[in-house]
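Let's walk through this model together, one element at a time. Keep the structure open beside the text and turn it as you read.

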Amino acid sequence: MELKETMKILVECTYRFSEIYGFEFGEPTEEREITAWENTTGITIPAQYKEWLHFTSRYECGAWFVELRSPSHFRYDQPWLSDDLVIIGSCVGDGEAICFSKTTGDIICDDHGELSTGCTFQEFLEELIEHYHDTGEML
């Protein structure tokens with residue numbers, strides 16, 4: 001499945017649960033913001049996350065308490081954070097940071113210093129979609 005198809009399914013799932021959990025999609029991120037951030041930091045944003053940014057600058061969903069942000073909100077200089085990671089979002093409420101690796105481009109979650117196994121951004125979205133389906137079965 002292509003990333004665009006995965007994104008389409010995520011949007012459908014998000015709207016399905018919108019009355020229960022709430023959500024927010026921001027406007028698409030402009031290419032000049034992406035390029036400016038990369039040029040300023042010397043860090044390359046993974047291609048799949050760039051594609052996501054062209055779709056939305058902000059995603060917030062109460063079903064999984066997930067926030068995904070645009071480059072102006074990325075963090076990479078936190079004293080507790082590995083030098084290889086850039087924070088692109090969070091799982092609100094439990095302090096889990098959603099990051100990408102500067103060296104591999106993998107999505108890695110930092111849960112109070114415990115790092116998840118890396119995956120592609122598409123795999124991360126697929127996991128989020130699976131959570132929506134599991135949640136739907138419980139309703």
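In which sense do strand 3 and strand 4 pair, and over how many bridges? Strand 3 (residues 66–68) and strand 4 (residues 85–91) are antiparallel partners, joined over three bridges. Helices (H or I, at least four residues) and strands (E, at least two) are DSSP runs numbered from the N terminus, and two strands pair if DSSP finds at least two bridges between them.

Before going further, a word on the source: this is a predicted model, in which local features need pLDDT of at least 70, side-chain atom pairs count only at pLDDT 80 or more, and totals for chains, interfaces and linings use all residues. Residues are numbered from 1 along each chain as its sequence is written, and side-chain values use heavy atoms, with hydrogens and water left out.

How confident is the predictor? pLDDT is its confidence in each residue, from 0 to 100. The protein chain has a mean pLDDT of 87, with 91% of its residues at 70 or more. Confidence is highest in helix 3 (residues 31–41), at 97, and lowest in helix 2 (residues 18–21), at a mean of 70. Where pLDDT is low, the predicted coordinates should not be read in detail.

Seven strands make up an open sheet in the order 1-2-3-4-5-6-7, with antiparallel pairing. At its edges are strand 1 (23–25) and strand 7 (114–115), each of which pairs on one side only. Strands of a sheet pair through backbone hydrogen bonds, either parallel or antiparallel.

On the strand 5 side, six bridges join strand 4 to strand 5 (residues 96–101), and the two run antiparallel. Here Gly 89 stands opposite Ile 98, and Val 86 has Phe 100 as its bridge partner. Seven of the seven residues of strand 4 are buried (under 20% relative accessible area; exposed is over 50%, and partly exposed in between, with a 1.4 Å probe and protein chains only). Strand 4 is therefore largely enclosed by the rest of the structure.

Strand 5 is mostly covered too, with six of its six residues buried. Glu 96, Ile 98 and Phe 100 are buried on one side, and Ala 97, Cys 99 and Ser 101 on the other. Strand 5 continues the sheet to strand 6 (residues 107–111) through five bridges, again antiparallel; Ile 98 has Cys 109 as its partner there. Five residues lie between the strands of this hairpin, in which Gly 105 takes a positive phi near 80 degrees.

Which of its residues are buried? They are Ile 34, Trp 37 and Glu 38. Just after the helix, Gly 42 takes a positive phi of about 75 degrees.

Helix 1 (residues 3–16) gives another view of a buried face. Its buried residues are Leu 3, Thr 6, Met 7, Leu 10, Val 11, Cys 13 and Thr 14. They cover an arc of only 165 degrees around the axis, which puts them on the same side of helix 1. An α-helix has 3.6 residues a turn, so residues three or four places apart point the same way. Lys 4 and Arg 16 are exposed on the face turned away from the buried side.

Finally, find Thr 120, in the loop between strand 7 and helix 5 (121–138). Thr 120 is partly exposed, at a relative accessible area of 31%. Leaving aside neighbours within four places in sequence, Thr 120 is in contact with Gln 48 and Ile 107. The C-alpha atoms of Thr 120 and Tyr 49 are separated by 9.1 Å, although the two are 71 residues apart along the chain.

Conventions
Arc of directions from axis to C-beta. pLDDT = per-residue confidence, 0-100. Contact = heavy atoms within 4.5 Å.
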